[in-house]
Amino acid sequence: PADVLLLRSSEGGQAWVNTKPLDGETDLKLRLSPKALHPLLASIDVSTPAGAEHAARELPALLRGVVLTEEPNDKTNDVTLELQLARAPR
(Lines give C-alpha, C1' and ligand atoms only; values in the text may rest on other atoms or scores of the structure.)
Protein backbone atom coordinates (compact mmCIF):
# COMPACT_ATOMS: atom_id res chain seq x y z
CA PRO A 1 0.00 0.00 0.00
CA ALA A 2 1.09 3.55 -0.62
CA ASP A 3 0.01 6.65 1.24
CA VAL A 4 2.01 9.02 -0.88
CA LEU A 5 3.29 9.39 -4.43
CA LEU A 6 6.74 10.97 -4.48
CA LEU A 7 6.72 13.65 -7.18
CA ARG A 8 10.03 15.38 -6.55
CA SER A 9 12.74 15.71 -3.94
CA SER A 10 15.72 17.93 -3.30
CA GLU A 11 17.91 14.83 -3.66
CA GLY A 12 17.54 14.15 -7.37
CA GLY A 13 14.13 12.54 -7.16
CA GLN A 14 14.91 10.12 -4.36
CA ALA A 15 13.92 9.91 -0.72
CA TRP A 16 14.61 7.51 2.14
CA VAL A 17 11.34 6.56 3.84
CA ASN A 18 10.71 5.14 7.31
CA THR A 19 8.04 2.44 6.88
CA LYS A 20 8.09 1.06 10.42
CA PRO A 21 4.49 2.20 11.16
CA LEU A 22 3.33 0.31 8.03
CA ASP A 23 5.35 -2.90 8.02
CA GLY A 24 7.33 -2.98 11.29
CA GLU A 25 10.69 -2.92 9.49
CA THR A 26 13.18 -0.48 10.95
CA ASP A 27 15.44 -0.02 7.91
CA LEU A 28 14.86 2.96 5.63
CA LYS A 29 13.65 2.26 2.11
CA LEU A 30 14.67 4.17 -0.99
CA ARG A 31 11.75 5.60 -2.99
CA LEU A 32 12.15 7.29 -6.38
CA SER A 33 10.00 9.84 -8.14
CA PRO A 34 8.93 9.05 -11.73
CA LYS A 35 11.69 10.14 -14.12
CA ALA A 36 9.13 11.67 -16.47
CA LEU A 37 8.36 14.28 -13.79
CA HIS A 38 11.94 15.55 -13.45
CA PRO A 39 11.92 17.88 -16.49
CA LEU A 40 8.28 18.82 -15.95
CA LEU A 41 8.87 19.99 -12.36
CA ALA A 42 12.44 21.30 -12.73
CA SER A 43 11.36 24.93 -12.94
CA ILE A 44 9.21 24.80 -9.79
CA ASP A 45 11.02 26.49 -6.89
CA VAL A 46 9.38 26.40 -3.46
CA SER A 47 12.35 27.74 -1.51
CA THR A 48 10.82 31.22 -1.21
CA PRO A 49 7.29 32.41 -0.39
CA ALA A 50 6.91 33.81 -3.90
CA GLY A 51 8.09 30.52 -5.40
CA ALA A 52 5.66 28.56 -3.24
CA GLU A 53 2.79 30.80 -4.36
CA HIS A 54 3.82 30.31 -8.00
CA ALA A 55 3.97 26.53 -7.45
CA ALA A 56 0.51 26.53 -5.88
CA ARG A 57 -0.83 28.20 -9.03
CA GLU A 58 1.10 26.07 -11.56
CA LEU A 59 1.14 22.58 -10.06
CA PRO A 60 -2.53 21.68 -10.57
CA ALA A 61 -2.21 22.20 -14.32
CA LEU A 62 1.18 20.46 -14.51
CA LEU A 63 -0.05 17.42 -12.60
CA ARG A 64 -3.43 17.00 -14.26
CA GLY A 65 -3.76 13.37 -15.23
CA VAL A 66 -4.47 9.90 -13.89
CA VAL A 67 -2.69 7.15 -11.97
CA LEU A 68 -3.51 3.68 -13.29
CA THR A 69 -2.97 0.76 -10.93
CA GLU A 70 -3.02 -2.97 -11.22
CA GLU A 71 -5.95 -4.95 -9.84
CA PRO A 72 -5.79 -5.73 -6.10
CA ASN A 73 -3.66 -8.79 -5.35
CA ASP A 74 -1.74 -10.49 -2.54
CA LYS A 75 1.64 -8.84 -3.33
CA THR A 76 2.20 -6.49 -0.39
CA ASN A 77 5.71 -5.30 -1.32
CA ASP A 78 5.23 -4.72 -5.04
CA VAL A 79 2.87 -2.58 -7.06
CA THR A 80 2.71 -1.55 -10.70
CA LEU A 81 1.46 1.94 -11.50
CA GLU A 82 1.30 4.08 -14.60
CA LEU A 83 1.26 7.85 -14.27
CA GLN A 84 -0.37 9.59 -17.27
CA LEU A 85 -0.06 13.37 -17.27
CA ALA A 86 -1.76 15.61 -19.82
CA ARG A 87 1.32 17.86 -20.21
CA ALA A 88 4.01 15.18 -20.04
CA PRO A 89 6.20 14.67 -23.11
CA ARG A 90 5.16 11.57 -25.06
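Is Lys29 buried or exposed, and what is its relative accessible area? Select Lys29 to begin. Lys29 is buried, with a relative accessible area of 14%. Buried means under 20% relative accessible area, exposed means over 50%, and partly exposed is in between (1.4 Å probe, protein chains only).

Before moving on, know your model. It is predicted: local features need pLDDT of at least 70, side-chain atom pairs count only at pLDDT 80 or more, and totals for chains, interfaces and linings use all residues. Residues are numbered from 1 along each chain as its sequence is written, and side-chain values use heavy atoms, with hydrogens and water left out.

**Stop 1: around Lys29**

Lys29 sits in strand E2, residues 28-32. Strands (E, at least two residues) and helices (H or I, at least four) are DSSP runs, numbered from the N terminus. Now show the contacts, meaning heavy atoms within 4.5 Å. Leaving aside residues up to four places away in sequence, Lys29 touches Ala15, Trp16, Val17, Thr19 and Asp23.

The rule asks for a side-chain nitrogen of Lys or Arg within 4 Å of a carboxyl oxygen of Asp or Glu. By this rule the count is one salt bridge. Asp27 is partly exposed, at 43% relative accessible area.

**Stop 2: the core**

Select Leu37, Leu40, Leu41, Ile44, Ala55, Leu62 and Leu85. These seven residues make up the largest nonpolar core. Such a core is a set of buried Ala, Val, Leu, Ile, Met, Phe, Trp, Tyr and Cys residues joined through side-chain atoms within 4.5 Å. Helix H2 (37-41) and H3 each supply at least two of the core residues. H2 gives the largest share, three residues. In soluble globular proteins, nonpolar side chains tend to be buried together.

Zoom in on Ala55. Beyond residues up to four places away in sequence, Ala55 touches Ile44, Val46 and Pro60.

**Stop 3: Pro49**

Pro49 belongs to helix H3, residues 49-62. Pro49 counts as exposed, at 65% relative accessibility.

**Stop 4: a surface patch**

Finish with Leu5, Val67, Val79, Leu81 and Leu83. They form a nonpolar patch on the surface, with about 390 Å² of accessible area together. Areas come from the Shrake-Rupley method with a 1.4 Å probe; for residues, only the protein chains shown count as cover. Patch residues have over 30% relative accessible area and no salt bridge; nonpolar side chains (Val, Leu, Ile, Met, Phe, Trp, Tyr) are joined within 5 Å, like charges within 9 Å. Click on Leu81, in strand E4 (residues 81-85). Leu81 is partly exposed, at 45%.
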